[in-house]
Amino acid sequence: MPYTEELKNLIKAVEKTRPQRLARKKQGEEFPRMSLDEVEAILKKYHPDYKEEGRRELKVGPSKGYQIAQEFADLLEAWSRINPDKIDLSRVDIETDVLIIGGGGAGTAAALLAEQNGARVIVATKLRHGDANTMMAEGGIQAATKIEKDSACLHYLDTLGGGHFKNEPELVHTLVTQAPEILRWLEGLGVMFDKFPDGRLHTLLGGGTSRKRMHSCGDITGIEIMRDIRDEARNRENITVLEFAPAIELVLNEHGHCAGAILYNLETEEYSVVKARATILATGGCGRLHIQGFMTTNHYGATADGIVLGYRAGLKLKLLHTVQYHPTGVVYPEQLEGILVTEKFRGAGANLVNIGGEQFVNEREPRDVESAAIIRECLERGKGVPTPTEKLGVWLDSPMIDTLMGEGAVEREFPGKFIVYQRFGIDISKEPMLIYPTLHYQNGGLEYNARGETSVPGLFIAGEVSGGVHGENRLIGNSLLDVLVFGRVAGESAADYAKDKARDGGLSLQHVEDYHRELEKSGIVTDRVTPILLPDYANPEVRERQLTARHAEK
Amino acid sequence: MADRERKVTDKEKTAGTGKVKLIPVYVMGKRYLVPETLTIMKALEYAGYRFIRGCGCRGGICGACATVYRKPGDYHIRVGLACQTVVEPDMYLTQIPFYPANRASYDFAQLSDSPEEIFKLYPEVFRCIACNSCTKACPMDVQVMDVISAVKQGNIERAATLSFSCIQCGLCVSRCMGELPQYHIMQLARRIYGSRIAPRAEHLNEAVEAAKGEKCQQALEKLMKSDIKQLREIYQSREIEPEMAGEDWTPAKRDDL
């Protein structure tokens, strides 16, 4: 819906201060950045991660005692979708060298590298191949590609600073040193990066980056990368993709090694057994859990399935106590609620301003800090902009970009967002955008090492399901990089493992039975069944009438 | 059907939603009352549907939720994305869960930059009769027919840049009389352009070498061994490239590289 008259009136305050803000920007004057001490203070007070009532201690599993968000604890303190006794593991439906669970960026990159290294690959994915948060990444991908001013060391330092120095150094080392190679690989696959006429890549600053290191493809970097690597995977003979077939449990063998998974056909509701010499978990993130009731930028399928599978199989959690709220999610129009407005808008010069048209935070603080500052502006200082749907937001002053970069710049640089707003009668090159923090990224996840290995032999992980590389807060442009770097690493490691390290043995779901027993002993009383696979958005009144008790036991 | 003739009662208009007005829509011919502000996707969910197919990013960029609909008193068949289209009273609609389209398989590494490659893999490109139905169907405003014309003329660059916003929802394919798989053809054109025709980023080669180089590895090892206090100091004092700096900017301090 176009802006209401009330909102149009409020925009006048933004327009009034815009010339002065533009003049300051042209002179290189910036809103002061916070010191590390100020950062710690504002996070503690306003960031949702720090809310005591938002989390609880886990009562079961390998990370028992760890405090994480209630929504995660609910997933982990729950029953399997299957009764392990009813699955006939002697009847293997599919056998392969490498099974990859998840067909997003990490899973697809893994498939390409595993296949390249001689493996027969099955990719099992919950929705369509490519349906993933990778597809929705807008801002870009970080890599130190301009050696006259940048280096992997600076990238390393920025990544650690953004992550509150909690990152695993070995993982960050792999991330930053392989970054330029990833861009070269993508260019070879045909990715259309934004370039100067001589081929030199465009780069922009991002929140928490000390150099212009963000490489983009318009504002649809993720889709451009995803569709190209997916196209490549479709051409490879030894990669088979099973769509609408999420894994719902991992299968181990008598040696305690990972040996495949149980897949669930979402449409026919059949379960099947895949036996694999190596398995890669690349299931992505958790936005659709709507932690603390936040709206989300995430894909429909982002329900943290891999966390459940990996945890039941014995993997420890790492840094899962933090999730990322992207500072700029659409809060109005209602139809676009929660969706991402890329940080690239701020990189291109747009200010964040409150109801009075005043700046209140530097636009390039790391995401958690930026989000906390917006929440403070709205909830404590009372300077949020009220929306017609009774929410609060602040303005992202996109029209500044046309003044700074020339008429037409917003439409040219942000074609995706421009058209989405246009459908609702809002011209973002002339009117600012109303935004509020939105649940965006799972900073932590399952523990792994720089070769993509986990504590369970034969089980590898990559991408958002993993925890460690981003510390407690991921920087812009490091997620696309993460899925590609560690997807490739896991693909290579898994193919290598499948070749000569995997030990054959009888298949088992004993770990699921053990987990059930532990649940019973812990005294948890629940009928929750996980992974949930899909969120439920039915109108509560309808849900009350959806009374099917259960499917008939066969 | 009596159902279709029924008027919305006042009670129904406000049921369960406070002040939001409810309107009737027909999902695959069956009538439901939904709040008038919702998108087709949210309206279906409100009515009780739980998507398996036909739902993806929910932000208009993944192409999963192609939808076909008709409005009362209007003979036009309309198409759009369910997550981006707001419901209207008495709309008849359905999701398109899947639409088959021919996709050629190729060894990309062996392809040249010649348009002949596309002609060989997709000879049906010449079946286009220039009816423009594809362009009219595109929810991303891609000038689909112009892209196909560009391909036919051998102008891969034009085809690639014009089709950049394609989200591969398949609506063009569903409306095409010539039975072309437009979005697959565009995908191939963009990949050929991106890797064979657009100027290469030659500076990537030196960046790859630098990241692997001894100097960088030593500096990284030093950082990896530093304690938090030292790291915080180095972090706080790092030089930040100014936002408005030009492409030729170089740092004053060279030692932190």
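This is a predicted model: local features need pLDDT of at least 70, side-chain atom pairs count only at pLDDT 80 or more; totals for chains, interfaces and linings use all residues.
Across the interface of domain 1 and domain 2 of chain A, the rule finds 18 residue pairs in polar contact, both residues at pLDDT 80 or more; such a contact is a pair of N or O atoms within 3.5 Å, where within protein one must be able to donate a hydrogen and the other to accept it, and residues adjacent in sequence count only if both atoms are side-chain atoms.

Residues are numbered from 1 along each chain as its sequence is written, chains are lettered from A and ligands numbered from 1 in the order in which they are written, and side-chain values use heavy atoms, with hydrogens and water left out.

Where do the two domains lie in chain A? Domain 1 covers 5-50 + 329-439 and domain 2 covers 91-322 + 443-508, with bounds from an automatic or database domain assignment. Their centres, taken over C-alpha atoms, are 30 Å apart.

Together the domains bury about 2,500 Å², 58% of it on carbon and sulfur atoms; this is the accessible area (1.4 Å probe) lost on putting the two parts together, summed over both. In domain 1, Lys344(A), Arg367(A) and Leu439(A) lose the most area to domain 2, together 28% of what that side buries.
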